[in-house]
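Have the structure open as you read.

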Amino acid sequence: MCKKSMLLPAVVILFFVSYFWLNSSRPAYAMHIMEGFLPVGWAVFWWIVTIPFLVLGMRSIQKIVKENPEVKMMLGLAGAFAFVLSALKIPSVTGSSSHPTGVGLGTILFGPLVMSVLGTNVLLFQALLLAHGGLTTLGANAFSMAVVGPLIAYAIFKLGTKWKWSFSLIVFFAAMFGDLGTYVITSLQLALAFPSEVGGIVASFNKFASIFALTQVPLAISEGLLTVMVMNMIRKYNAQELKLLKVLHKEVH
């Protein structure tokens, strides 16, 4: 892959990140579910559920890099995109926050299993370097953002391709619903851990989801639009790599 061809997408990402970061609020809320917020049982449970996806994802990365070593830089771009977008947080439900996830781009390029590894690495580095999230809650945060979000994005991408939507429309909806799906699962995780005294898990889920929706819906739309911009630039300058990754097909326009 030509390094110059990746410069423009990187510059666009840097511009949006700089803009939102400089204008974001700065209270010390943790990204997603913060360290120590979940009961031990639930923290362990989400780790157990997430680990199989990480194992399969690492195998998938090894296979892709071995077969197409020229896509290594694009793999790094996908990870960087998720890192910088998910670091932009807006305080939301107590013990958590809303932010873009950035998982749509990497999912479209490499599939949901690869994105499970990239997303978990993103969450790990943010927990260690930025105090966003935590190590005990990493399994729960990874399951919502790095497992379920990419699975939803990938399903929509495949469905849109099958139904012959325009490429930009496919990317937009994949990124947007991948983002929203993350917060549906986060709401469920919080509801399971902290059911309401009146109404139980359902009432608790409705409360968490309704609060998240206030901030997450516009963020998801914004993420969808930004992902379309970056993907169209990659499509323009790196079409060959997209064909190697089987992202571009004859039916996608």
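Leaving aside its neighbours within four places in sequence, which residues is Thr 50 in contact with? Thr 50 touches Gly 139, Ala 142, Phe 143 and Val 147, where contact means heavy atoms within 4.5 Å.

## About the model

This is a predicted model, in which local features need pLDDT of at least 70 and side-chain atom pairs count only at pLDDT 80 or more, while totals for chains, interfaces and linings use all residues. Residues are numbered from 1 along each chain as its sequence is written, and side-chain values use heavy atoms, with hydrogens and water left out.

## The chain as a whole

The protein chain has nine helices and two strands. Here helices (H or I, at least four residues) and strands (E, at least two) are DSSP runs, numbered from the N terminus. Along the sequence, the pattern reads α-α-α-β-β-α-α-α-α-α-α.

Of the chain's 253 residues, 50% count as buried; buried means under 20% relative accessible area, exposed over 50%, and partly exposed in between, with a 1.4 Å probe and protein chains only. Among contacts with a separation of 6 or more, 79% come from residues 24 or more positions apart.

## Where α2 meets α6

Let's return to Thr 50, which is found in helix α2. Thr 50 is buried, with a relative accessible area of 1%. Helix α2 (residues 40-67) packs against helix α6 (residues 138-162) at an angle of about 45°, with the axes 8 Å apart. That makes α2 oblique to α6. Angles under 35 degrees count as roughly parallel, over 145 as roughly antiparallel, 65 to 115 as roughly perpendicular and the rest as oblique. Axes are lines fitted to C-alpha atoms, for helices over the stretch in contact, and angles run from 0 to 180 degrees between N-to-C directions.

On the α2 side, Trp 46, Trp 47, Val 49, Thr 50 and Phe 53 take part; their partners in α6 include Leu 138, Gly 139, Phe 143 and Leu 151. By class, this contact of α2 with α6 has 10 nonpolar, two polar and no charged residues. In that count, Ala, Val, Leu, Ile, Met, Phe, Trp, Tyr, Cys and Pro are nonpolar, Asp, Glu, Lys and Arg charged, and the others, Gly among them, polar.

## From Asn 68 into α3

Asn 68 sits in the loop between α2 and α3 and counts as buried at 13% relative accessibility. Asn 68 and Leu 245 are 177 residues apart in sequence, and 8.4 Å apart in space, C-alpha to C-alpha.

Helix α3 (residues 72-86) has 15 residues that should span 21 Å at 1.5 Å a residue, and its end C-alpha atoms are 21 Å apart, which agrees. The expected span is 1.5 Å times one less than the number of residues. Buried residues of α3 include Met 74, Leu 77, Phe 81 and Leu 85.

## Helix α5 and its neighbours

The 18 residues of helix α5 (residues 112-129) reach 25 Å from first C-alpha to last, close to the 26 Å expected at 1.5 Å a residue. Among its buried residues are Pro 112, Met 115, Leu 123 and Gln 126. The cover over the buried residues of α5 includes α2, α3, α4 (103-110) and α6. Just after α5, Ala 131 takes a positive phi of about 60°.

With α6, helix α5 packs at an angle of about 145°, their axes 9 Å apart. The residues of this contact of α5 with α6 divide into 13 nonpolar, four polar and no charged.
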